[in-house]
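Q: I have a model open and want to learn how to read its features. Where do we begin?

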Amino acid sequence: MAERQAFHPGVSLAGAVDLEALKHQVKAEPGQAGGAPAAGGYVIDTTENTFQAMVQTSATFPILLFLWVPTDDRLFAMARALGDAVNKLNGQIQLSRIDIASNPSIAQAFQIQGAPALFALIGGRPMPILQGLPSDEELQQITGVVVPKLIAAAQQAGVTGTAPYSGDPDSDAANSASAGSVQDQVPPEHQEAYMLAQQGDYAGAAAAYEKVLEADPNDTRAARERAKALLLARSANADVRVVRAAAADKPDDVDAQLAVADIDMIGGQIQDAFDRLLDFVAAGHKADIEPVRQRLLEYFTIPEPTDERLKRARRRLATLMY
């Protein structure tokens, strides 16, 4: 892998004012004209509140960590090249972008002094790839050689899952979401729940979404966000290896199977989560069908209603119940 020791001076975490960085600062948000490329596809933006959950998912699929500053135009070409390379791989790897100016504790945890920096994350273990702005040749080496090697290394380690797809980064919807504040687009009745989720209080967020649903049982967005909050409240901080080992050791234990299905859902392995629980019931555990049914009904609110995996799982659950 390519490694550099010289740091790009875009942001200093030591508190010094970087005049060069000020020359390259843009006000446009990612996705806006003149701004950085938007997240989307297999590219996500991670914050201090979602960092731990993101690390957990690296036990399911490999992750490329890009520590950057999204208002520094010197980093836009790198962000675009990394995003394009990752999106062409259809979920074999995910690009997680972290704004170190807004999330300095993450930068400090990785012991970097400025942006950009690039790490790989496989099974929760970070591996340094590059620190500093790469040359064109180095960037080509990363996208064309290093990333495929990371995927191969992950597969050898048993990390073979597929990252979840989050929509077309070039679509109007994606650009709109990046251009404005996400909070501004949250319905007023969802604001409390949304803020609790952003603060990492997933149990509190789930309870707040429950109140929204009591007022409007047909609020599908609240139902989906409540299910996601419940999922993260239960399992965001779980040790993936321990959970998977427990499920393997206790194939007849419904709680162990529910716990590992949660890990699958967090990792974007929706089909695996559905099949695991449905196969469990089909294998002779009809006595446990009620907790499985309740968990699946919760999961069913997360994918799009048109998702074929959802349709198949609903049909199979109905067949197993009767």
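A: Begin with Asn90, which sits in the loop between helix H3 (76-87) and strand E3 (94-99). Helices (H or I, at least four residues) and strands (E, at least two) are DSSP runs, numbered from the N terminus. This is a predicted model: local features need pLDDT of at least 70, side-chain atom pairs count only at pLDDT 80 or more, and totals for chains, interfaces and linings use all residues. Residues are numbered from 1 along each chain as its sequence is written, and side-chain values use heavy atoms, with hydrogens and water left out.

Q: Which residues does the cis peptide bond join?

A: Ala115 and Pro116, with omega at about 0°. Pro116 lies in the loop between helix H4 (104-109) and strand E4 (117-122).

Q: How do I read helix packing? At what angle do H7 and H8 pack?

A: Axes are lines fitted to C-alpha atoms, for helices over the stretch in contact, and angles run from 0 to 180 degrees between N-to-C directions. Helix H7 (residues 191-198) and helix H8 (residues 202-215) pack at about 165°, with axes 7 Å apart. H7 is therefore roughly antiparallel to H8. The scale is simple: under 35 degrees is roughly parallel, over 145 roughly antiparallel, 65 to 115 roughly perpendicular, and the rest oblique.

Q: Is the crossing of H7 and H8 left-handed or right-handed?

A: A crossing is left-handed if the near helix is turned anticlockwise from the far one by less than a right angle, and right-handed if clockwise. H7 passes H8 in a left-handed crossing. Contact means heavy atoms within 4.5 Å. Glu192, Ala193, Tyr194, Leu196 and Ala197 of H7 meet Tyr202, Gly204, Ala205, Ala208 and Tyr209 of H8. This contact has eight nonpolar residues, one polar and one charged. Ala, Val, Leu, Ile, Met, Phe, Trp, Tyr, Cys and Pro count as nonpolar, Asp, Glu, Lys and Arg as charged, and the others, Gly among them, as polar.

Q: How far apart are the axes of H8 and H9?

A: They are 8 Å apart, and H8 packs on helix H9 (residues 220-235) at about 155°. So H8 is roughly antiparallel to H9. Their crossing is left-handed. Residues in the contact include Tyr202, Tyr209 and Leu213 of H8 and Arg226, Leu230 and Ala233 of H9. The classes here are 13 nonpolar, no polar and three charged.

Q: At what angle do H10 and H11 cross?

A: Roughly 135°, and the axes of helix H10 (residues 240-249) and H11 come within 8 Å. H10 is therefore oblique to H11. H10 passes H11 in a left-handed crossing. Among the contact residues are Val240 and Val243 of H10, and Val260 and Ile263 of H11. This contact has eight nonpolar, one polar and two charged residues.

Q: How many cavities of 30 Å³ or more does a search find?

A: On a 1 Å grid over the protein atoms alone, a cavity is a set of points where a 1.4 Å probe fits but cannot get out; lining residues have an atom within 4 Å of a point. Grid points are joined across faces, edges and corners, and a volume is the space filled by probe spheres set on the points. The search of the whole structure finds one. The largest cavity holds about 30 Å³.

Q: Which residues line the largest cavity?

A: Gln56, Thr57, Thr60, Val240, Ile263, Ile266 and Gly267. Helix H2 (51-57) and helix H11 (254-266) each supply at least two lining residues. The lining has three nonpolar, four polar and no charged residues.

Technical notes
On a 1 Å grid over the protein atoms alone, a cavity is a set of points where a 1.4 Å probe fits but cannot get out, and a pocket is an open set with protein on both sides within 12 Å along at least five of seven lines; lining residues have an atom within 4 Å of a point.
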